[in-house]
Amino acid sequence: MRIAVIGGGPAGLYFSILHKLADPAAEITIYERNRPSDTFGFGVVFSDETLQNFENHDAESYRLITSRFAYWDDVAVYFKDEVYRIGGNGFCGCSRKTLLELLNFRASQLGIEIRNETDLSIDDILKLSDECDLVVAADGINSVVREHFVEHFKPSTDLRPNHFSWMGSTRELDAFSFFFERNDDGLFIAHAYQYEPGASTWVMETDPETYARVFKDKTEEESAAYLENVFAKALDGHGLQTNRSVWRNFPMIRNERWTHGNIVLLGDAKATAHFSIGSGTKLAMEDAIALAQAVKKTPDVTAALAAFETGRREEVEKTQHSADVSLVWFERLERYWNMDPVQFAFGLMTRAKAITYDNLELRAPEFVEEITAHFARDVANAGFDVDLEHPKPPMFQPLKLRGMVLPNRVVVSPMDTYSAVDGVAQDFHLVHYGQRAMGGAGLVYTEMVCVTDEGRITKGCTGLYTDEQEAAWQRVVDFIRANSAAKVCIQLGHSGRKGSTKLMWEGMDEPLDEGAWETLAPSALPYFGHSGKPREMTRDDMDRVRDAFVAATERCARMGVDMIELHCAHGYLLASFLSPLTNHRTDAYGGSMENRLRFPLEVFDAMRAVWPAEKPMSVRVSATDWAEGGITGDDTVDIAKAFVAHGVDLIDVSTGQTVPEAKPIYGRMFQTPFAEQVRAEAKVATQAVGTITSADQINTILAAGRADLVALARPHLVNPYFTLLAAADYGVTDVDCPPQYAAGRDQAFRNAPRARQEMKDLKLKAKPRHRYQSERGQAAAE
């Protein structure tokens with residue numbers, strides 16, 4: 001097989017080595033535009049897991065690389081004269097120049113031809129494509145190949161707002177270190193790690209405003225001199241070195257396709273990952289492994305490239321998603337600056353979701369003890385009697401909203417069950433909500449309860465506009481009161497244009513085949529092209545709907561419900577007023593954000609006026625429409641601020657479902673960043689929802705200050721006793737449990753410590769326990 005590799009970076013070199021090992025007869029030529037001695041940047045980073053991957057695929061390359069690596073185990077966070085050292089991370093650093101030299105040496109050893117100082121034109125590359133069986137385009141971020149076939153590969157580049165510059169120093173470090181500084185000019189971040197004796201990489205990062213004030217007109221040397229002063233304590237008398245240390249914006253690159261004929265993109269040409277998770281070179285070399293395996297397994301090049309893309313894409317996209325989440329944390333540094341240092345450090349460590357509360361408890365128990373104690377102190381400062389000597393994990397700490405006191409932060413999320421008859425809750429609802437209330441959650445939400453008959457989503461939706469419906473819900477509320485400590489929130493809503501549809505399991509949002517009713521909306525826009533066209537609401541319609549919400553609120557007050565929530569999310573009636581995608585009105589209720597908010601706020605005010613002053617109200621919002629031209633996170637902050645000004649107590653932060661063409665980006669806790677943004681910028685309590693599945697995730701979200709409550713839906717469907725079992729797992733003995741179930745609770749508490757310890761032992765066998773050090777009042781490591 002004849003193979004041409006365009007680019008002599010880690011991706012191209014490593015693929016060539018691996019394929020040559022698998023097929024010694026292969027003719028491989030690497031074309032590299034630079035000289036062998038040229039390299040830019042300073043050091044690269046690999047995790048323990050990545051190094052293990054290298055060892056599994058070429059032990060000799062692994063031996064060469066690790067013989068020249070600096071190894072460290074800790075991450076050190078330097079913030080406001082405090083240092084937190086968290087062990088158990090397992091990273092290695094190596095000079096980029098050394099890595100390339102070692103890979104060049106290994107490739108030459110195997111008989112691979114390397115042509116340096118060869119800058120190929122696209123015509124040269126196309127000719128090689130005709131002459132060779134395979135062309136590997138590992139030609140970097142500015143890939144000539146990708147740009148020539150741009151209509152085929154369909155690349156997208158997200159140029160991030162922060163600026164960064166790659167520098168070096170002779171300052172030795174014993175941990176992957178994050179330094180944070182602030183002066184009158186702005187905020188500054190240093191991502192620093194050692195890669196060989198007497199040499200460390202310092203990636204400097206700052207926000208666009210600080211860059212414009214300080215660095216826009218500075219030379220590399222002037223930038224380095226300025227930063228030497230900013231990070232004087234961290235550098236400890238050492239200077240900064242430059243090597244093409246220009247200020248840049250990081251490009252997050254993705255491609256819809258990776259292959260074209262016998263050409264395949266590899267490394268940064270294919271996909272990039274932000275330096276804050278140290279995965280750029282990792283991605284490149286693991287791409288090389290995946291491609292080499294695909295070609296080895298399937299000699300037919302077309303089939304091999306298809307297998308490579310299919311098999312590799314998920315892992316690349318997961319890494320990129322982690323990088324996306326990570327980089328945004330640094331872009332929003334101002335948001336976290338006033339945090340207590342331990343919460344700041346915890347937020348930094350858990351920013352990309354791979355590291356969590358339980359994970360850190362295993363590797364750095366003292367650190368988790370400190371963040372747990374910090375959270376408990378905040379709860380005590382809010383007026384609660386809290387055990388500060390042995391504090392409970394965050395999810396089991398109480399919360400007060402007006403006069404409602406929740407025993408813990410776990411919420412049963414509102415979930416439509418589509419099991420009502422003529423809007424009347426049935427025995428199913430009694431059992432469903434009763435079970436979940438007895439399971440220990442602090443707050444139980446009902447499904448969306450519709451305020452009018454035409455406001456139902458489906459014929460199976462519950463309502464609260466007749467006495468019979470009120471009596472049915474009263475039965476549910478009374479049962480919960482009598483048999484649990486859980487509080488009850490009824491979510492009130494109107495389906496708007498998304499009404500008159502089939503039950504979810506018959507076709508979600510699909511219009512009824514028969515028995516349909518007229519729907520209402522701010523504008524006469526059907527949800528699907530084949531959906532019924534809603535009637536554009538008149539002022540009389542608005543008055544009638546507003547009064548229906550008020551009447552339902554009065555019914556909730558009579559029932560003794562603890563909290564009510566106004567549903568302004570998911571494309572239902574009030575949400576469709578908020579989104580410019582669904583509100584095309586030209587009167588006082590359309591156009592500007594102020595106008596689009598007008599009717600939802602009218603409804604909220606009318607409800608608040610008849611709802612007891614000592615009881616809280618929440619509003620559910622879709623923080624993004626996941627569609628071009630729709631609501632964004634920044635818009636949602638403005639929406640939340642408006643509701644705060646009108647007396648809301650909690651913003652329940654969901655996303656999407658506004659328009660069918662939306663393109664959500666799913667993942668673990670994928671909506672939590674929006675809850676965090678609203679909490680930080682609108683200064684209001686928030687509830688996080690969306691693919692949150694474990695107690696560990698709840699504690700991580702709460703401890704990092706990303707939300708005040710955490711709602712789980714699907715986990716509660718299959719396990720009504722989620723909270724009670726989590727309490728047993730964490731050794732929290734005061735979670736409410738009906739006396740009828742006490743024997744089961746006691747057994748769970750007996751079994752949980754053993755199971756937890758067995759799990760810890762298994763993990764510790766795989767990775768030894770590492771140290772943690774908190775150095776109060778010390779700005780630099782000794």
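## Helix packing and strand pairing in a predicted model

Helix α1 (residues 10-22) packs against α4 at an angle of about 25°, and their axes lie 10 Å apart. α1 is therefore roughly parallel to α4, a term for angles under 35 degrees. The axes are lines fitted to C-alpha atoms, for helices over the stretch in contact, and angles run from 0 to 180 degrees between N-to-C directions. The crossing of α1 past α4 is left-handed, that is, the near helix is turned anticlockwise from the far one by less than a right angle. Contact, defined as heavy atoms within 4.5 Å, involves Pro10, Leu13, Tyr14, Ile17 and Leu21 of α1. On the α4 side, the residues include Arg96, Leu99, Leu100 and Leu103.

This is a predicted model, in which local features need pLDDT of at least 70 and side-chain atom pairs count only at pLDDT 80 or more, while totals for chains, interfaces and linings use all residues. Residues are numbered from 1 along each chain as its sequence is written, and side-chain values use heavy atoms, with hydrogens and water left out.

Helices (H or I, at least four residues) and strands (E, at least two) are DSSP runs, numbered from the N terminus. Two strands pair if DSSP finds at least two bridges between them. An open sheet of 3 strands has the order β3-β7-β4, and its pairing is antiparallel. Because β3 (43-47) and β4 (70-72) each have a single partner strand, they stand at the edges, and one side of each is left without a neighbour in the sheet. From one strand to the next, the twist averages 25°. Helix α4 (residues 96-109) packs on this sheet, where it touches β3 and β7, and its direction makes about 80° with that of β7.

Strand β9 (residues 134-137) is covered on both faces: Leu134 and Val136 on one side, and Val135 and Ala137 on the other, are all buried. Buried means under 20% relative accessible area, computed with a 1.4 Å probe on protein chains only. In a regular strand the side chains alternate between the two faces of the sheet.

| Strand pair | Sense | Bridges |
|---|---|---|
| β4 and β7 (residues 91-95) | antiparallel | 3 bridges |
| β1 (residues 2-6) and β9 | parallel | 4 bridges |
| β9 and β17 (residues 263-265) | parallel | 3 bridges |

Individual bridge partners can also be named. Tyr71 has Cys92 in β7 as its partner, Ile3 has Leu134 in β9, and Val136 has Val264 in β17.

Notes. Parallel < 35°, antiparallel > 145°, perpendicular 65-115°, else oblique. Buried < 20%, exposed > 50% of the residue type's maximum accessible area, 1.4 Å probe, protein only.
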